[in-house]
Amino acid sequence: MAAPIYVESLIGSVKRLRSPSSPLTSTPKDASITPSQRRNATVISSETSSSLRSVRLPKSVQAAYLAPLRRPPTHGLPVCDLQLRSYSLRNLEVYADFAMRAAYYLGLPAKGPVPLPKRIERWTTIRGNFVHKKSQENFERVTYKRLLQIQDSDSHVVGLWLAYLKKNQYYGVGMKANVFQHTSLEMEDGPEADLEAETAQIEAALGKQLTMLESQLESPEEVEGKLVDEPFKAAWGAYGPMGGAGGAPGAESRFQPVKVVESERGFAKRKERSEGTPEAS
């Protein structure tokens, strides 16, 4: 009976391990060369590597290995809130670092990146229909967020910063910006001068309409006289059943009672309905 194939492969591997290795002729190894350098195609000598280490890197390259620089704010007034979102944490961190460096070189005091609460979404779907309903599969999606805030800056420079970030947007990262504008409440010539100037502008714009309106308005004395006038109050229902002056002192004496005269025929009909006839009973 022939041996199985996997047994023959094991026996062959054991024979190869027991067989003596052929002598190899190799050159002596240099102790200064690391194993990673031996795997490379080009081998750099110790003298060349030491000379390369002595070369100073440019400042722009050195800054890539350090944390981004920041400019201190003067008053701490928020001008722009930039929110970054991504499903990949690596892409989000890279783009947030890029945005902070761009803000520094544009002279913007930036604060952040502040980690916001992540959003976790989960779904459960069936793998197939019909008899495979109990076979289900779960999916999860995590959204990471970072917040960058620009303070004490000009809105035009902030717009330039946002346009630069949009032009060099990193893949898989979304942006949402809220820009705030601040204006001063100080007046050059005082509040009275501004009010007089605005009044003159309104009068010039309205013209004849304002003068006609002033002629139709009543004086304060006339308005006060109408409020005290009794016929005026009665005409507008001040002393009616639902009027607001019903609780005024002496309001009952101002009502004029009206007598209701009922005819004999109507009185007889009402009496029959109340007592009831023997036929109807």
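Two strands count as paired here if DSSP finds at least two bridges between them. Helices (H or I, at least four residues) and strands (E, at least two) are DSSP runs, numbered from the N terminus. With that in hand, let's walk through the structure. This is a predicted model, in which local features need pLDDT of at least 70 and side-chain atom pairs count only at pLDDT 80 or more, while totals for chains, interfaces and linings use all residues. Residues are numbered from 1 along each chain as its sequence is written, and side-chain values use heavy atoms, with hydrogens and water left out.

First, the overall picture. The chain holds 11 helices and four strands. Of its 281 residues, 15% are buried, where buried means under 20% relative accessible area, exposed means over 50%, and partly exposed lies in between (1.4 Å probe, protein chains only). The accessible surface comes to about 23,900 Å², and carbon and sulfur atoms contribute 57% of that; areas come from the Shrake-Rupley method with a 1.4 Å probe, and for residues only the protein chains shown count as cover. Among contacts (heavy atoms within 4.5 Å) with a separation of 6 or more, 71% link residues 24 or more positions apart.

Now for the sheet. The four strands form an open sheet with antiparallel pairing, in the order β2-β3-β1-β4. Because β2 (110-126) and β4 (173-179) stand at the edges with a single partner strand each, one side of each has no neighbour in the sheet. From one strand to the next, the twist averages 20°.

Strand β1 (residues 78-86) pairs with β4 in the antiparallel sense over seven bridges, and Leu-82 stands opposite Ala-177 in β4. Helix α5 (residues 89-105) packs on the sheet and touches β1, β2, β3 (136-151) and β4, its direction making about 10° with that of β3. Helix α6 (residues 155-167) also packs on the sheet, touching β1, β3 and β4, with a direction about 15° from that of β1. Those angles run from 0 to 180 degrees between N-to-C directions, using axes that are lines fitted to C-alpha atoms, for helices over the stretch in contact.

Back to β1: this strand also runs antiparallel to β3, joined by eight bridges, and Leu-84 has Arg-146 as its bridge partner in β3. Seven of the nine residues of β1 are buried, so the strand is largely enclosed by the rest of the structure.

A few backbone details are worth a look. The peptide bond from Gly-112 to Pro-113 is cis, with omega near -5°, and Pro-113 lies in strand β2. In the loop between β3 and α6 sits Asp-152, a residue other than glycine with a positive phi, near 50°.

Lys-166 belongs to helix α6 and counts as exposed because its relative accessibility is 60%. Leaving aside neighbours within four places in sequence, Lys-166 is in contact with Tyr-95 and Met-175.

Leu-57 is found in the loop between α3 (46-54) and α4 (59-63), and counts as partly exposed because its relative accessibility is 47%.
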